[in-house]
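Dear colleague,

I am handing over the structure below, together with some notes on its fold and packing. Please read the notes with the coordinates open beside them.

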Amino acid sequence: MSRDRDPRTLRRPARSALIAASATALSLTASGCVVVHGEREILPSTTRAEAAKALQEFTAAYNEADKAYDGSLDADHTTGALADIDSARLKAGKANNPDGNPNHTPLTLTDAKFTIPKKAGWPRWFVVDAAGNKGGTARWLLAFTRSSLDDPFQVAYLTLVAPGKVPQFTKDADGWAESVPVKSTDLATAPGDLSSTYATYLKNGGETFTDGAHTSQWRALREKNGKKPGMVTQYIDEPLTNGDHAPLALRTTDGGALVFFTTRHYEKLTAYAGTSVPTPSKDVLALTKGEIKQSLTMEFVSNEVALDPKGPGKVTILGRIQGMTSAEGS
């Protein structure tokens, strides 16, 4: 379908023409073909039927890729943090199991709940909260996004959250959710700043985040691992916010927001003189360049989902999935 011309470039139309154009726009939106100035119009990101289809297509492609250990089979359905993590996992799996995944079990997602924000501009996106046959009782949260009508919806974020921890979202009379701008100033931390704030916290600590497995406990574990006999472990944490790694935020009924964001982490193991780094797993070796002599530097990408409260307060990390994307020995 062709896009409408910008009204600012036209002469003042007659009232009847405006009514006709509005009726056409409403008709297209209701049919699921949203074509009316996606850059400016406040519209649902997609239809519920299209969201359900995107989930079905992702799950099928994800299972095919996992079974064959072939990243090309789900490359059109992943982006951002998930693409970084998933493609590296499949690459390592293929290197060690050329004939495919001997332990493949198809992922099934049920009881899917779709939260679709009504917003202007790109990207358009929505969130799925589903039960999975993996990960115990945890709920699977998937954030689908696309940057134009010509693009398919792809999963940028995939995290697991404990049951009962997924918040309630603000919705209008038609059931559409509210997207929160990344520069929003009414939250404890602006969604666009969460990645850098989290990276700084992991290095220096502080009071920005509530205690938990992905904050205080992770810092304590790193400190413990950094003092192992015969070896030094160094950590570097970086924000990752550009392009498909941009944060996404949904307004919750308490005035806060659920925020998806990405970070990058480096872990360098250096053995003392006369010793060597312990031999890593075969999956790590499959992603490692260079010869491991006295040091090994591993790169990880992590995608997080957090509760960002309204006004002053502490951010709570609800879930985090991390995967190694590359490594280098020296």
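A residue is called buried here when its relative accessible area is under 20%, exposed when it is over 50%, and partly exposed in between, with a 1.4 Å probe and protein chains only. By that criterion, 44% of the 330 residues of the protein chain count as buried.

Before going further, please note that this is a predicted model, in which local features need pLDDT of at least 70, side-chain atom pairs count only at pLDDT 80 or more, and totals for chains, interfaces and linings use all residues. Residues are numbered from 1 along each chain as its sequence is written, and side-chain values use heavy atoms, with hydrogens and water left out.

The protein chain holds six helices and 13 strands, taken as DSSP runs numbered from the N terminus (helices H or I with at least four residues, strands E with at least two). Strands are said to pair if DSSP finds at least two bridges between them.

β9 and β10 form a hairpin with five residues between them, and G255 in the turn has a positive phi of about 95°.

Elsewhere, three strands form an open sheet of mixed pairing in the order β1-β3-β7. β1 (43–44) and β7 (177–178) stand at its edges, each with a single partner strand, so one side of each is left without a neighbour in the sheet. β3 (residues 117–119) runs parallel to β7, joined by two bridges, and K118 stands opposite E178.

As for helix packing, the axes of α2 (residues 48–68) and α3 (residues 80–96) come within 9 Å and cross at roughly 30°, the axes being lines fitted to C-alpha atoms over the stretch in contact, with angles from 0 to 180 degrees between N-to-C directions. That makes α2 roughly parallel to α3, a label that applies to angles under 35 degrees. In contact (heavy atoms within 4.5 Å), F58, Y62, A65, D66 and A68 in α2 meet L82, D86, R89, L90 and K94 in α3.

Best regards

How values were computed. Parallel < 35°, antiparallel > 145°, perpendicular 65-115°, else oblique.
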